[in-house]
Each structure stands twice: as structure tokens, then as C-alpha cells.
Amino acid sequence: MSMQATSGSATVVRINGVVIDAALIAEEEQHHAGEPEPLAAAACALAIHELLRQRAVALQLISDSDALDDACVDALLERELAVPEPTRADCERYYQNHPARFRRNDIVYASHILFAVTDRAPVALLLQKAQQTLQQVLEAPETFEAVAREVSNCPSAGVGGSLGQLLRGDSVPEFERVLFDSTETGVLPRIVKTRFGFHVVRIEHRVAGDTVPFDAVEAEIAQYLEARVRHKATQQYVSILASQAQVEGVDLGAANGPLVQ
């Protein structure tokens, strides 16, 4: 489920009677510019933060006058969550099921059309425009370069959106995963969201590198799987806290959004 605050400037967000200041929500909003509803995402993040703070107070990890910092969150989750460690078999299974993630020296030739998110950009309208553009180039792939020159907010617009030859490490992680963790080519049938905005992506060509041996990445896989399980467990934990609390002015759903900012 999504986490969405009730819309409207008059809405007051309360967690067990504690009001989350509207000015704090407005300040937090800047950290959620890439979300379809930044203000709602900001309200959710601060509501979850308050839920965790109140739980830490109840467990006497902090006093009621203390702020909740990262160290306290870590101590709280360490006390409240039981996260199993992945086994070697778990790691081997993941390695076998995701071969594209364990290659080195892969090369991808790609292009994109960027709809950049800025402080003044209406994010919902920007996403809508990106989706409309994606549909346009899916229906007429030969227009990709012309559309990139016309609407892309990236300097690559001057060369039809071309990013040229890319290796791992050349782009931000969220964009890199799209490029290297699959075998797709052509215009991707979905919007790619990064910290810079919304991207329509076309992959022209792939040059395969070498497979990394399992033993060389086992520790990395184990760390990733443990983090993934911990994230899911934290989502469930926050959902339980929310179900037991009096929550007003914000819909925390299943708490599958940003947990603590």
C-alpha cells in the first residue's frame, strides 16, 4: 500500500495526540521532490519518525524531551527486530537468479529523455508529461532523438539524448540498476525515477563482460540480502506501531514508504 497524507493545507497531523508542525512538514518536503505527492511523503516520513520516537520513549531508550537520532533508531530496531542472517544457499540462489548483477566490464550504449525535478517543478505534472512522452516514443521509436532534442532537460538533448558508452560507476545507482541489472534493449516500457527526475530510457546496445565468481561476491550478496530482509521487517514493524497508535491527518497504509529521513 502507499503512504499518502490527506490533502489540504488545513489538515493537522497528529500521532497519539502529538502534533507534527506544518512548518516541519513543509521543510521536509524538499527531501521528497521526486515523489508524486511530495507533501504527503514528507508528512508520512515525519509521522513514522514520531511513531519510532514514542516507542523509544516507552522503552526508556530516550526521555520524552529528547530527539530521535540515527543511533537511537538503530538501538530501537536492534532491540525490537529479529532479522535472520542469510545462509550460503540463500546467497547462491540469489547469485544464480540474478546473473546480470554479477558481471564486470559490461558496456551499455544508452540514451535518455530527462524531465528534471527542481524546487519549482510541479512533480505530478512533470511525471504525467514523462509518461505521455514515453507512450509517444514507444509508439514511434524512430522519433526518440527528435523528442529528446525538443523536451529533455539534460545537456545530452543536443545529441538526441545519447549518453554514449557507459560502464558501471558512470551513473547514479538507481539509473545504473536499470542499465546493468537486466538484458533489455530498446525503449524501456516504464519511467525510470532517479534523484535528478524522471527518465525515458532507450538502450541501444550491450557488450557483455565477464562473470564474477560466486566466492568473490558471496559476502556482498549476504550483506544485500540481510539489508533487504531488515528493510522489510522494519516496514512491518512500523505498520504494527501505526495500527496500535492514534494516527490523524496522514494515511500510513502498510508503511512501505520512506521510514526515517
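The centres of domain 1 and domain 2, taken over C-alpha atoms, are separated by 32 Å in this predicted model. Domain 1 comprises 14-86 + 218-248 and domain 2 comprises 107-207, the bounds coming from an automatic or database domain assignment. Residues are numbered from 1 along each chain as its sequence is written. Because the model is predicted, local features need pLDDT of at least 70 and side-chain atom pairs count only at pLDDT 80 or more, while totals for chains, interfaces and linings use all residues; side-chain values use heavy atoms, without hydrogens and water.

Where the domains meet, 5 residues of domain 1 are in contact with 6 residues of domain 2 (heavy atoms within 4.5 Å). Together the two domains bury about 420 Å², 61% of it on carbon and sulfur atoms; buried area is the accessible area (1.4 Å probe) lost when two parts are put together, summed over both. The side of domain 1 that touches domain 2 has 3 nonpolar, 1 polar and 1 charged residues. Between the domains there are 0 salt bridges (a side-chain nitrogen of Lys or Arg within 4 Å of a carboxyl oxygen of Asp or Glu).

Strand β2 (residues 13-15) is joined to β3 by 3 bridges, and Arg 14 stands opposite Val 19 in β3.

Note on methods: Nonpolar A, V, L, I, M, F, W, Y, C, P; charged D, E, K, R; others polar. Pairing = 2+ DSSP bridges. Helix = DSSP H or I, 4+ residues; strand = E, 2+ residues; numbered from the N terminus.
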